[in-house]
Amino acid sequence: MEFTKGHGTGNDFVILPDPDGALDLTPELVAAICDRRRGVGGDGVLRVVRAAKHPDGAALAGEAEWFMDYWNSDGSFAEMCGNGARVFVRYLLATGLAEPDGAALPVATRAGVVRARVEGDAIAVEMRRPRLYDASTAALGGLTLPGTAVDVGNPHLVCPLPAGLDLAALDLGRAPDFDPAVFPAGVNVEFTAPGEPVAGVDGHVLMRVYERGSAETLSCGTGACAVGAVALRDLGRDTGVMAVDVPGGRLTVTVTDDTCWLSGPAVLVAAGALDPATLTR
Ligand SMILES: N[C@@H](CCC[C@H](N)C(=O)O)C(=O)O
């Protein structure tokens, strides 16, 4: 089985080319591939499959040639992955499966079609505008932190830390508790703190994330969009540009009236072949 390894601000993925949807990908195999000691290692898997050849992509085949079949490292599915979409597009362009013709490149996902463009070294993806829909809480190490539930195609809970709490000192070695009545399918939890002023943007936020299905990661693109939208609301704004710093680097989030652009580096670092039989033995 051929694979390529890539990452966006340290959110890393194993990319599996499967144009005709012929791979027998199971949750067990995905978890084995993502195992950082016995497998290739990654926060998730991106299967590159023609939309027409995947049951979840077929309805979108008229709008996008390629479907991003995203899996978390524990073998669960997610509707959307912002950094994954950016790395997916980097892969399509690097392998010639898509041409950088100046127009936005459509990619089908379980959360609908997203559109990507190349911005110098960065790849930007246009997703749905984050929908802030509820107040909720996350509990972590004896703390109960109020937050905002946000739908970015997948579920998020954004919890700004109270003054005096150190973002870097949070122990994200175990999952935060959340209200399953608000998040029946689980949730990605972002913890945030204000950043120093940055030129050229409307605000700057620092974030760490505990991802549903992947534990703490160095970055989460949809999480950054959720954080950007909450920070803009807290500034009294509907739209604007936010710099969101994650442990793996900086993402730029632009919230417009209708959509949200996520921009940042997307890099392919290795390629090879793996033997599923040895991984699952
Ligand atoms: N890291 C991703 C989000 C991946 C999916 C998430 N863990 C979920 O289950 O919703 C991103 O960059 O958006």
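Trainee: What should I know before reading the numbers?

Mentor: Residues are numbered from 1 along each chain as its sequence is written. The model is predicted, so local features need pLDDT of at least 70 and side-chain atom pairs count only at pLDDT 80 or more, while totals for chains, interfaces and linings use all residues.

Trainee: What makes the domains of the protein chain, and where are they?

Mentor: The bounds come from an automatic or database domain assignment. That gives domain 1 (2-124 + 266-280) and domain 2 (131-257), with 24 Å between their centres, taken over C-alpha atoms.

Trainee: How many residues does the contact take from each domain?

Mentor: Domain 1 puts in 18 residues and domain 2 puts in 19, where contact means C-beta atoms, placed from the backbone, within 7 Å. On the domain 1 side, helix 2 (residues 82-94) has the largest share, three residues. Helices here are DSSP runs of H or I, at least four residues, and strands are runs of E, at least two, numbered from the N terminus.

Trainee: Why are helix 2 and helix 3 called oblique?

Mentor: Their angle is about 130°, with the axes 5 Å apart. Axes are lines fitted to C-alpha atoms over the stretch in contact, and angles run from 0 to 180 degrees between N-to-C directions. Under 35 degrees is roughly parallel, over 145 roughly antiparallel, 65 to 115 roughly perpendicular, and the rest oblique. Helix 2 and helix 3 are therefore oblique.

Trainee: Which residues meet there?

Mentor: G82, N83 and R86 in helix 2 meet G221, T222, A224 and C225 in helix 3.

Trainee: Why does the ligand shell lie between the domains?

Mentor: Both domain 1 and domain 2 give residues to the shell, so it lies between them. There are 17 residues around the ligand, and A78, N83, N154, G221 and T222 come nearest; near means a C-beta atom, placed from the backbone, within 6 Å. Helix 2 gives the most, three residues, and helix 3 supplies at least two.

Trainee: Which residues does the "active site" annotation cover?

Mentor: The unreviewed UniProt entry gives C81 and C220. They are spread over 140 residues of sequence, yet the largest C-alpha distance is 7.7 Å. C81 lies in the loop between strand 4 (66-72) and helix 2. Keep in mind that such annotations may be inferred rather than shown by experiment.

Terms used: Two residues are in contact if their C-beta atoms, placed from the backbone, lie within 7 Å.
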